[in-house]
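Please have the sequence and the structure at hand while reading.

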Amino acid sequence: MFDIISFGSAVVDVFAGTDIPEKKKCIAYPVGSKILIKDLKFDIGGGGTNTAVAFSRLGLKTGFIGKIGDDKQGQEILNLLKKEKIKFLGKIESRANSGYSIILDSREKNRTILTYKGINNEFRFSELNLRKIKTRWLYLSSLLGESFKTQKKLAGILHKKGVKIAYNPSEYIIRKYRKKKLSEILKLCDVLILNKDEAKLLVLEKDLLKGLRNLGAKIVVITDKNKLISCFDGEKKYYLKPHKIKVVERTGAGDAFASGFVAGQVAEKNIMESLKLGLSESESVIKYFGAKNKLLRLKLR
Ligand SMILES: Nc1ncnc2c1ncn2[C@@H]1O[C@H](COP(=O)(O)OP(=O)(O)OP(=O)(O)O)[C@@H](O)[C@H]1O
Ligand SMILES: [Mg+2]
């Protein structure tokens, strides 16, 4: 029996840092030029693997569901999962490409991401091995298309069996599916985590927490970069202020916060303790380079 299974994307991230300065909010590469990369780093990313690693390092028995190709990148993703003691419950598709992102960092330390989804969004429900999916919690991060449909169907089946559901959809998911196509999944959520812009896209009410909760989630959390984090469980509202920290590289901040909060809930900590765990995770990731650096190592259970 798993404590939690994370269903989301897996990609290989390549960070290419150049000395190209930003102009008018753009990183512009002159046509026909050859530009030297000053700093090149490789990492495994994607919401699915980022959060699975966070859960596992917090001492939870963790599984991962996602789709990868039978390429070199897919093998690297499997190696990471193994190293982090995460059970792969997904599907390896032959003759398919895994996800791949190229992160172009500017001199000012901002970035443009070119992302190739590969096989990530093509997880069919029939490809799940339901017998192996025995868990207390299911954590869903952003996936589109066939994979989104499979997440929805799996969440419905597991919810009926008493499995708890957490969801952290990104802005592009909300823009694409809107309230209408998301409502089915939102109703099943024990925990829904969004940033403020995402929350505003989903509800019109001035009281965002209340508006979100009316969509059916039991506990809703709204993050707002370095501003106040807020949470509502239907009875009480909770607030937590992020500390002033030096941002080194913010990729993975949202995943780190959400997985920390949910891990707290899985370990039956109270809401304030869970919010603090989310905050510590996100701050620990922002202070270092890369989406998993440095996710905390703790024994919650
Ligand atoms: N500049 C910052 N300073 C301190 N903490 C931050 C900062 N940015 C983010 N955080 C921490 O990370 C948490 C999540 O950040 P944010 O609200 O930006 O989520 P997000 O937009 O979903 O991120 P992502 O783009 O990674 O999905 C915040 O609640 C906070 O704890
Ligand atoms: Mg996010």
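A polar contact is taken here as a pair of N or O atoms within 3.5 Å. The model is predicted, and in it a backbone N or O atom of lysine 225 lies 2.9 Å from an oxygen atom of ligand 1. The table sets this contact beside two others of its kind.

| Residue (backbone N or O atom) | Distance to an oxygen atom of ligand 1 |
|---|---|
| Aspartate 224 | 3.4 Å |
| Lysine 225 | 2.9 Å |
| Glycine 254 | 2.8 Å |

Taken alone, ligand 1 exposes 620 Å², of which the protein buries 83%. Strand S15 (219-224), helix H7 (253-266) and helix H8 (271-286) are the elements that each give two or more residues to the shell around the ligand, and H8 gives the most, with three residues. The shell counts 15 residues, with Asn195, Thr223, Lys225, Arg250 and Gly254 as the closest, and it divides into six nonpolar, six polar and three charged residues.

Just after H1, glycine 59 takes a positive phi of about 90°.

A search of the whole structure finds five aromatic pairs. In one of them, phenylalanine 7 and phenylalanine 123 have ring centres 5.6 Å apart and planes at 65°, so the pair is edge-to-face. The pair links distant parts of the chain, since phenylalanine 7 lies in strand S1 (residues 2-7) and phenylalanine 123 in the loop between strand S11 (111-116) and strand S12 (135-141), 116 residues apart. Both phenylalanine 7 and phenylalanine 123 are buried.

Key
Residues numbered from 1 in each chain as written. Chains lettered and ligands numbered in written order. Predicted model: local features only at pLDDT ≥ 70, side-chain atom pairs only at ≥ 80, totals over all residues. Heavy atoms only, no water. Helix = DSSP H or I, 4+ residues; strand = E, 2+ residues; numbered from the N terminus. Phe/Tyr/Trp six-rings, centres within 6.5 Å; stacked < 30°, edge-to-face > 60°. Buried < 20%, exposed > 50% of the residue type's maximum accessible area, 1.4 Å probe, protein only. Near = heavy atom within 4 Å. Polar contact = N/O pair within 3.5 Å; in protein donor to acceptor, adjacent residues only side chain to side chain. Areas by Shrake-Rupley, 256 points an atom, 1.4 Å probe, with all protein chains shown as cover. Nonpolar A, V, L, I, M, F, W, Y, C, P; charged D, E, K, R; others polar.
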